[in-house]
Amino acid sequence: MNDTLVKLNDIRRTFRVGEISVHVLRGISLTIERGAYVALTGSSGSGKTTLMNLLGCLDRPTSGEYWLDGVEVSRMSSDARAMIRNRKIGFVFQNFNLLPRTTALEQVMMPLAYTNTGLSERDAKARAIDLLKMVGLGERMDHRPSQLSGGQQQRVAIARALINQPPVLFADEPTGNLDSRTTAEILEMFDRLNRTEGITIILVTHDPTVAGHARRNIRLRDGMIESDTVREGPPPPLQSHSTPPAHAESQVA
């Protein structure tokens with residue numbers, strides 16, 4: 001089996017704003033191996049969100065090649081890219097994106113309705129239950145989002161992202177709405193999923209401490225790769241006095 005999961009060759013993305021061409025990505029070439037834990041970082045305007053959208057098959061490049069799990073996807077139609085997303089990619093977002101009236105178990109099972117897995121209802125439910133147990137929510141399966149903490153909601157989102165057994169999990173600022181203690185718990189979970197389950201994780205973050213928990217850090221600047229480093233030694237400790245998310249300010253004021 002080829003160990004290369006992601007391969008980008010001279011990826012460029014240009015947007016038209018009126019009569020002006022805005023060059024957001026300016027020739028990105030990289031490979032990511034199966035089982036990697038990678039952070040994409042960079043300041044606002046560096047191109048990291050655009051790159052994440054391309055890697056997640058939400059957009060396609062102006063030029064260049066993108067190979068995902070042995071398939072060249074950069075020229076696929078939107079429908080074909082949607083099939084790739086459903087089968088090969090799991091997404092975790094900053095705002096959880098959970099349905100308010102749906103239980104944790106139902107949330108996790110939902111993506112199976114959009115893919116032809118051939119699973120029976122019983123097997124689908126069993127897979128969802130196993131995932132919820134794996135993320136530590138075996139006793140919260142019947143709870144709705146309003147009955148769960150922010151960290152528990154993100155755990156539901158992680159289980160949902162893994163239900164189709166994708167080879168890669170994309171996490172876009174997954175700790176942005178969490179306090180420092182819960183951030184540490186979620187990062188510990190990502191590390192465990194990567195180490196023990198072999199799940200490839202690509203994490204987008206502006207926080208250098210969060211990025212330090214990945215084993216590889218790719219930093220973008222002005223649409224190009226500024227640095228590509230591998231972490232040596234243990235990850236840095238999270239600071240307990242980190243600034244809380246905006247929604248938590250009233251609780252700590």
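Which residues lie nearest the centre of the largest pocket? The views below start there. This is a predicted model, where local features need pLDDT of at least 70, side-chain atom pairs count only at pLDDT 80 or more, and totals for chains, interfaces and linings use all residues. Residues are numbered from 1 along each chain as its sequence is written, and side-chain values use heavy atoms, with hydrogens and water left out.

**View 1. The centre of the largest pocket.** Asn-86, Ile-89, Phe-91, Pro-111 and Arg-160 lie nearest the centre, and they belong to a lining of 17 residues. The space inside comes to about 450 Å³. (On a 1 Å grid over the protein atoms alone, a pocket is an open set of points where a 1.4 Å probe fits, with protein on both sides within 12 Å along at least five of seven lines; lining residues have an atom within 4 Å of a point. The volume is the space filled by probe spheres set on the points, which are joined across faces, edges and corners.)

**View 2. What the pocket lining is made of.** Helix 2 (78-88), strand 6 (89-93) and helix 5 (150-162) each give two or more residues to the lining of the largest pocket. Strand 6 supplies the largest share, four residues. (Helices, H or I with at least four residues, and strands, E with at least two, are DSSP runs numbered from the N terminus.)

**View 3. Helix 4 meets helix 5.** Leu-131, Leu-132 and Met-134 in helix 4 touch Val-156, Ala-159 and Leu-162 in helix 5. (Contact means heavy atoms within 4.5 Å.)
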